[in-house]
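Please look over the sequence and the 3D structure below. Then read the short report that comes after them.

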Amino acid sequence: MGREPRRGTSFPVGKVEFLDMFPLTFSEFLSAMGREQLVELMQTEDYEMMTTFKQDFTDLLKMYYFIGGMPEAVLNFVEHKDFN
């Protein structure tokens, strides 16, 4: 009778620590890009003033979609200003 393979996850011997990581939010992305003023504007919910910066928000949102929210990718873009 053959042995059935084990199912599940194997771990190395020793202590295992789990770290849940999530992509940056758009607000965190803006802060990483040095645009804290826009974050503050979003927090105040002053939509009339936000309309003044509509193009900035649109351009940065497109960058956020393209670069993604992974911290290392954002850091690399901030340091090198290179989409590659």
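This is a predicted model: local features need pLDDT of at least 70, side-chain atom pairs count only at pLDDT 80 or more; totals for chains, interfaces and linings use all residues.

Residues are numbered from 1 along each chain as its sequence is written, and side-chain values use heavy atoms, with hydrogens and water left out.

**Two crossing helices**

Helices here are DSSP runs (H or I, at least four residues), numbered from the N terminus. Two packed helices are described by the angle between their axes and the distance between the axes. The axes of H2 and H4 come within 12 Å and cross at roughly 110°. Axes are lines fitted to C-alpha atoms, for helices over the stretch in contact, and angles run from 0 to 180 degrees between N-to-C directions. H2 and H4 are therefore roughly perpendicular to each other. That term covers angles from 65 to 115 degrees.

Which residues of H2 and H4 meet? H2 brings Leu-38, Leu-41 and Met-42, and H4 brings Asp-56, Phe-57 and Leu-60. Contact means heavy atoms within 4.5 Å. By class, this contact has five nonpolar residues, no polar ones and one charged residue. Ala, Val, Leu, Ile, Met, Phe, Trp, Tyr, Cys and Pro count as nonpolar, Asp, Glu, Lys and Arg as charged, and the others, Gly among them, as polar.

**The core**

The largest nonpolar core has 16 residues. Such a core is a set of buried Ala, Val, Leu, Ile, Met, Phe, Trp, Tyr and Cys residues joined through side-chain atoms within 4.5 Å. Phe-26, Phe-29, Leu-30, Phe-57, Leu-60 and Met-63 have the most contacts inside this core. H1, H2, H4 and H5 each supply at least two of its residues. H4 gives the most, with five.

Take Phe-29. Leaving aside neighbours within four places in sequence, Phe-29 touches Leu-24, Leu-60, Met-63, Tyr-64, Ile-67, Gly-68 and Val-74.

**The salt bridge**

Side chains of opposite charge can pair when their charged atoms come close. The structure holds one salt bridge. Here that means a side-chain nitrogen of Lys or Arg within 4 Å of a carboxyl oxygen of Asp or Glu. Asp-56 pairs with Arg-35, and the closest N and O atoms are 3.4 Å apart. The pair links distant parts of the chain, 21 residues apart. Asp-56 sits in helix H4 (residues 54-67), and Arg-35 in the loop between helix H1 (26-32) and helix H2 (36-44).

**Exposure**

Buried means under 20% relative accessible area, exposed over 50%, and partly exposed in between (1.4 Å probe, protein chains only).

| Residue | Relative accessible area | Class |
|---|---|---|
| Asp-56 | 28% | partly exposed |
| Arg-35 | 27% | partly exposed |
| Lys-81 | 54% | exposed |
| Asn-84 | 88% | exposed |
| Gly-14 | 56% | exposed |

**Single residues**

Where is Glu-45 found? Glu-45 is in the loop between H2 and helix H3 (47-52). Its phi is near 60°, a positive value in a residue other than glycine. Lys-81 is in the segment after helix H5 (71-80). The phi of Lys-81 is positive too, near 50°.

Asn-84 also lies in the segment after H5. Asn-84 and Ala-73 are 11 residues apart in sequence and 9.9 Å apart in space, C-alpha to C-alpha. Gly-14 lies in the segment before H1. Gly-14 and Glu-72 are 58 residues apart in sequence and 28 Å apart in space, C-alpha to C-alpha.

Methods:
Angles under 35 degrees count as roughly parallel, over 145 as roughly antiparallel, 65 to 115 as roughly perpendicular and the rest as oblique.
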